Amino acid sequence: MQILVIGATGYAGRRVSAALARAGHTVLGLARDTASPASRDLAVNEVTPVQGDFSKPDTWRGHLDDTDAVVHLLMDMNDPVGADQRLFTELAAAQERDGRHRHLVFTTGISSYGRTGLPLMDENTSGNPESPIGFRFALEKELAATGLAHTVVRPGFMYGGPATTSMTGQWFAAAEAGNPVFYGDTAKRWSWVHVDDLADAYVRILDNPAAVDGEVFVIADDQRLTALDMQHAAVRAAGHTGEIALESAEAGGMMQMAADQDELVTSAKAHRLLGWRPRHASFTDAPHQYYRAWKAAQPTT
C-alpha cells in the first residue's frame, strides 16, 4: 500500500514510518521542511518526505492522491480539535472525489481516559470528560460517525530510541541539568510501551486494515511500577545521585495534569486480534541503554 504518515518527523512518527517501509509499503512522510535532519532520517529509512503543514490542508491535500491509508500521529497543540476535524473532512472529500476508501489509523492515547477510578482500563472503558485531553475520545466518536474506514490506537507512555517527546527523555535531560522534578501524585502508575513495539502494532493493523475497521486498540506492555520509581531509574542512569524534587501537577502544565492519576491498561484485545506482543518487557530492565540512546540522539554543539 501507499501510506501517508502525518507526524512522520516526530518521535513515534519516524519509527512507525520506518517500520511500515520495512514491511514493504510505500511510505510518504509529511514534513514542514523536507531538508531537515528529521526528514533526512526518513529518507535513510526509505520513507519519502513530502512537503506539508498539517494545520494547512491546502499544503498536503494532494498527497492523498493514490494513497491507500493515512496514519495520524500528530496533535496540533494550536488547534487540537479543529485540525483533526479538518482531517476527517479532507478524507471524506477525497473519497467523494475518487471513490477510494483510505484507511485512517487515528492515534490518541491513554491519558485521554483521565480519572476513572478503575484499577485496569481497556478499549471499553469510558473516559472521564473532565480530563484535560478528554476531547480526544470525543474525536474518536466523531470519526466513527463519519463512516470513514478507520482504526484507533491508544498508546501507553512511550520510551526507547531518541525519546524525543517521551517522559523518559525529559527525565534524562532534567537529571543532566541537576534539577529533576516529579509532578503530581507520587503513587500513580502508568502503562508504557517501547516505541518500536508500538510501531509493530501499526504494521499489524495495516497488514489487513479491513479486518480491524472500526476497532480501537490499547497498545501497552505490562509494566506496573509507579511513575516515580521509573523516574528514579532514569535519573540514576543519567548519573544524578541527588533527590528528585516534588511539585504539583499544575506546575508541570497541561500534559502533566492530564496524566496525574493511575493509567494502567490491558492490551489483551491487541494480543487476540493483532497477535501483538511487546518484545521489550520494561524500561527498568535496561535504563542505562535507553539513556545512551537518548544521549546519542542529542544534537552536538
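## Aromatic pairs and a helix face

Phe106 counts as buried, at 0% relative accessibility, where buried means under 20% relative accessible area, exposed over 50% and partly exposed in between, with a 1.4 Å probe and protein chains only. The model is a predicted one, in which local features need pLDDT of at least 70 and side-chain atom pairs count only at pLDDT 80 or more, while totals for chains, interfaces and linings use all residues. Residues are numbered from 1 along each chain as its sequence is written, and side-chain values use heavy atoms, with hydrogens and water left out.

Rings of Phe, Tyr and Trp (its six-membered ring) pair if their centres lie within 6.5 Å, and planes under 30 degrees apart count as stacked, over 60 as edge-to-face and the rest as tilted. The count by this rule is 15 aromatic pairs. One of them joins Phe88 and Phe106, whose ring planes stand at 70° with the centres 5.5 Å apart, so the pair is edge-to-face. Because Phe88 belongs to helix H3 (residues 80-98) and Phe106 to strand S5 (residues 103-107), this pair ties together parts that are 18 residues apart in sequence; helices (H or I, at least four residues) and strands (E, at least two) are DSSP runs, numbered from the N terminus. Phe88 is buried as well, with a relative accessible area of 4%.

Phe172 and Phe283 make a tilted pair, and this pair links distant parts of the chain, with Phe172 in helix H5 (residues 167-177) and Phe283 in the loop between helix H10 (268-274) and helix H11 (287-296), 111 residues apart. Phe172 is buried at 1% relative accessible area, and Phe283 is buried at 0%. Both residues belong to one aromatic cluster, whose members include Trp171, Trp190 and Tyr290.

| Aromatic pair | Centre to centre | Angle between planes |
|---|---|---|
| Phe88 and Phe106 | 5.5 Å | 70° |
| Phe172 and Phe283 | 6.2 Å | 35° |

In helix H2 (residues 37-44), the buried residues are Ala38, Ser39 and Leu42. Seen down the axis of H2, these residues fall within an arc of 100°, so they line one face of the helix; the arc is that of the directions from the helix axis to the C-beta atoms. On the other side of H2, Pro37 and Val44 are exposed. The buried residues of H2 are covered by parts that include helix H1 (11-22), strand S2 (26-31) and strand S3 (48-51), where contact means heavy atoms within 4.5 Å. After H2 comes Glu46, which has a positive phi near 65°.
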